[in-house]
Amino acid sequence: MKIAVLPGDGIGTEIVAQAAKVLEALRSDGMKIEMEYAHLGGAAYDAEGDPFPQSTEKLAKASDAVLLGAVGGYQYDTLPRDMRPERGLLRIRKELNLFANLRPALLYPELANASTLKSEVVSGLDIMIVRELTGDVYFGQPRGITTLPNGEREGVNTMRYSESEIIRIGHVAFGIAMKRNKKLCSVDKANVLETTELWRMVMTELSKEYPEVALTHMLVDNTAMQLVRAPKQFDVVVTGNIFGDILSDEASMLTGSIGMLPSASLDQNNKGLYEPSHGSAPDIAGKDIANPLATILSVAMMLRYTFNDEANALRIEGAVRKVLQQGLRTADIFEAGMQKVGCSKMGDAVVSAL
Ligand code: IPM
Ligand code: MG
């Protein structure tokens, strides 16, 4: 198992170091794991003048899976758009054809009080958001900021989805629904946007191939509301890139902290990039207070989806559960009576529990 490790920026280095400890532990148990490091994002811009340099692209393509921390930092916000860290992330997703982004929102019972929602609303919550990741307004052409003949500036982005793009993400979502409770909610804005009207039509057509799955459609604004009103009505949610970006952040907060949520971004052959759903949090970088659990849980997803190793995926998830049961908490999930630990201590505790 060759894994490209891209710590990235901000807290990326700290959290990836904890996930690497977990991989090391599995290796000392006899798993054949090879890790090679490269730069992505601001770190790559600093080192090689490009947020997604060729060296990183080569390594990522030659690896079975990629483990990523996070990218971004204030010091890069004024760079030309193409040189910004986020651009590096979008390019690696696109270059590796990672069109299927899985973002589970799972509430650990130990964290029921960490959510800002009433515990009866969120207890038992287990949602899988399937976000299309390589299309939509994120990549559509034309785009840019231009000057109109009257001298005023205009910003343009284009929302577009081809039928084949919708079909392939649809198959992933229906496939996941089949392995869960066979409930799929497709989210769109079909009352206003033609792109998503097509999305709704294609999902409905696809559903004929999955007669056991109950497909429903929901408008994105209503979904945003339902997620905080009655989130347990959802099992699998499938949506486009921009809606998925927004709804997955919202869903993460149902679970108490975005610091708990892993993600997998897969291509057609289940090669994947695994990263926490959260960002680089430059405000707390270097302080050893970040929560490494989302990144560690991303390693579990890697074993499950790319390496087909359900047993070790469950083992890692079990170890995370155990440290929570032991009362260990990073600052983002801390509550009175628990033991506050830093990023590195949390990593060590997971390794011991493993
Ligand atoms: C995410 C992030 C990225 C996105 C940014 C950093 C480009 O918000 O992974 O959700 O918008 O996809
Ligand atoms: Mg986001």
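Let me start with ligand 1. The residues around this ligand are Glu86, Leu89, Arg93, Arg103, Arg131, Tyr138 and Asp245. Before going on, please keep in mind that this is a predicted model.

What kinds of residues make up that shell? By class, the shell around ligand 1 holds 2 nonpolar residues, 5 charged ones and no polar ones.

Next, where the shell comes from. Helix α4, residues 85-95, gives the largest share, 3 residues. In terms of domains, at least three residues of the shell come from domain 1, which is 1-102 + 260-354, and at least three from domain 2, which is 126-253. As for the site itself, ligand 1 sits in the second largest pocket.

Now the contacts. Which side chains have an N or O atom close to an oxygen atom of ligand 1? For Tyr138, the distance from a side-chain N or O atom to an oxygen atom of the ligand is 2.5 Å. For Arg103, the corresponding distance is 2.8 Å. For Asp245, a polar side-chain atom lies 2.9 Å from an oxygen atom of ligand 1. How much of the ligand does the protein cover? On its own, ligand 1 has 320 Å² of accessible area, and the protein covers 76% of that.

Last, the backbone, and one loop in particular. The loop I mean runs between β5, residues 126-132, and β6, residues 144-147, and Pro142 is found in it. Which kind of peptide bond joins Gln141 and Pro142, cis or trans? The bond is cis, with omega about -5 degrees. Asp136 also has its place in the loop between β5 and β6. Its phi is near 75 degrees, a positive value in a residue other than glycine.

To recap: ligand 1 sits in the second largest pocket, and its shell draws at least three residues from each of domain 1 and domain 2. The loop between β5 and β6 holds Asp136 and Pro142. That is the end of my part.

Conventions
Residues numbered from 1 in each chain as written. Chains lettered and ligands numbered in written order. Predicted model: local features only at pLDDT ≥ 70, side-chain atom pairs only at ≥ 80, totals over all residues. Heavy atoms only, no water. Near = heavy atom within 4 Å. Polar contact = N/O pair within 3.5 Å; in protein donor to acceptor, adjacent residues only side chain to side chain. Areas by Shrake-Rupley, 256 points an atom, 1.4 Å probe, with all protein chains shown as cover. 1 Å grid on protein atoms, 1.4 Å probe; cavity = no way out; pocket = protein on both sides within 12 Å on 5 of 7 lines; lining within 4 Å. Sits in = over half its atoms within 2 Å of the grid points. Helix = DSSP H or I, 4+ residues; strand = E, 2+ residues; numbered from the N terminus. Nonpolar A, V, L, I, M, F, W, Y, C, P; charged D, E, K, R; others polar. Domains from an automatic or database assignment.
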